[in-house]
Amino acid sequence: MGQIKIIADSRIELMNTDAFFTKIRTYTPLSEKAELAWSSLLRPRQYRKEEPFIRAGDVPTTYAFVVKGLLCQRYVGRDGNMIIKCFFPENRIASSVSATLLGEASPFAITAIENTTVLEYDFAAFRLLVSDFADIAAFYIRYMERHWIIDKEPGEIAFRHDDAMQRYIDFIRKEPELHKRLKQHHIAAWLGITPESLSRLRKTIAITRPDRG
């Protein structure tokens, strides 16, 4: 029985690695040699609901590709309220980027909202691959450009200029499946409002836009 389990686990790990590289190739093609080198760094791990991948105050050293499940990056404000910075569903790479790059303590925690399976890799070892493989370097540049510049800037502008109602409507439109998976307090923490305020927004949407109720 144990041998069958090992075989089954190996198949699952292989499938997850394939999913990882399928996603990576949406940014740039990779050579077989580059894939083999990167795959040697990947380590499967599971996090239970509410278990931290990174704790606030830790110096993070790894990135995690979400195979199944959902992580969120969050911190606790001075008033003790939780604030969520972003979500990492399937096919996203979770990390505290600035803290990892600088080798400093992360002000944010990254925690599992659902039971989550990831493929982790050491960032320092990955940076060596960036130096050795031009195609991995191209991925790194394109990933950072898309998720930390192109995607990030409109969100920062929206938080400065749009009210909570507009940001919530935009979130439902852009992330309908993710919206269905989140609890009310997660959405409220991401919007920067109380769960009670979110309930009022939902009632208003249900009245004015029945298709969104």
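Predicted model: local features only at pLDDT ≥ 70, side-chain atom pairs only at ≥ 80, totals over all residues.
**Figure 1. Strands S4 and S7 pair in the antiparallel sense.** Glutamine 73 has isoleucine 110 in S7 as its bridge partner. Leucine 71 faces another residue of S7, standing opposite alanine 112. The side chains of S7 point in two directions: Ala109 and Thr111 go one way, while Ile110 and Ala112 go the other way. Residues on both sides of S7 are buried, namely Ala109, Thr111, Ile110 and Ala112.

**Figure 2. Strands S4 and S5 form a hairpin.** Between the two strands lie 5 residues. S4 and S5 are antiparallel and share 6 bridges. Within this pairing, cysteine 72 stands opposite phenylalanine 87 in S5.

**Figure 3. Four strands make up an open sheet.** Strands of a sheet pair through backbone hydrogen bonds, and the pairing is either parallel or antiparallel. Here the order of the 4 strands is S2-S7-S4-S5, and the pairing is antiparallel. Which strands stand at the edges? Strand S2 (52-54) and strand S5 (82-88) do; each has a single partner strand, so one side of each has no neighbour in the sheet. On average, neighbouring strands of this sheet are turned by 30° against each other, with direction ignored. S2 is joined to S7 by 2 bridges, and the two strands run antiparallel. In this pairing, proline 52 stands opposite threonine 111 in S7.

**Figure 4. Phenylalanine 20 and tryptophan 38 form one of the 21 aromatic pairs in the structure.** A pair of aromatic rings is described by the distance of the centres and the angle of the planes. For phenylalanine 20 and tryptophan 38, the ring centres are 5.1 Å apart and the planes stand at 90°, so the pair is edge-to-face. The pair links distant parts of the chain, 18 residues apart: phenylalanine 20 belongs to helix H1 (residues 2-24) and tryptophan 38 to helix H2 (residues 32-39). Both phenylalanine 20 and tryptophan 38 are buried.

**Figure 5. Tryptophan 38 also pairs with phenylalanine 126.** This pair is tilted, with 5.0 Å from centre to centre and 40° between the planes. Tryptophan 38 is in helix H2 and phenylalanine 126 is in helix H4 (residues 123-132), so the pair ties together parts that are 88 residues apart in sequence. Is tryptophan 38 buried or exposed? Its relative accessible area is 0%, so tryptophan 38 is buried. Phenylalanine 126, at 1% relative accessibility, also counts as buried. Ring pairs link these residues into a cluster whose members include Phe20, Trp38 and Phe126. Among the other members are Phe21, Tyr27, Tyr63 and Phe65, as well as Tyr121, Phe123, Phe139, Tyr140 and Tyr143.

**Figure 6. Lysine 85 lies over the face of phenylalanine 108.** The distance between lysine 85 and the ring centre of phenylalanine 108 is 5.5 Å.

**Figure 7. Serine 98 is located in helix H3.** Helix H3 spans residues 97-102. Serine 98 has a relative accessibility of 51% and therefore counts as exposed, since the cut-off is over 50%. Along the chain, serine 98 and proline 60 are 38 residues apart, and their C-alpha atoms are separated by 9.7 Å.

**Figure 8. Helices H9 and H10 pack against each other.** Two packed helices are described by the angle between their axes and the distance between the axes. Helix H9 (residues 184-191) and helix H10 (residues 195-208) pack at an angle of about 95°, and their axes are 9 Å apart. The two helices are therefore roughly perpendicular to each other. Which residues of H9 meet H10? They are Gln184, His185, Ile187, Ala188 and Leu191, and on the H10 side they meet Pro195, Leu198, Ser199 and Arg202.

**Figure 9. The protein chain contains 10 helices and 8 strands.** The chain has 213 residues, and 42% of them count as buried. Among contacts between residues at least 6 apart in sequence, 69% join residues at least 24 apart.

Key
Residues numbered from 1 in each chain as written. Heavy atoms only, no water. Phe/Tyr/Trp six-rings, centres within 6.5 Å; stacked < 30°, edge-to-face > 60°. Buried < 20%, exposed > 50% of the residue type's maximum accessible area, 1.4 Å probe, protein only. Lys NZ or Arg CZ within 6 Å of the ring centre and 35° of its normal. Pairing = 2+ DSSP bridges. Axes fitted to C-alpha atoms, helices over the stretch in contact; angles between N-to-C directions. Parallel < 35°, antiparallel > 145°, perpendicular 65-115°, else oblique. Contact = heavy atoms within 4.5 Å.
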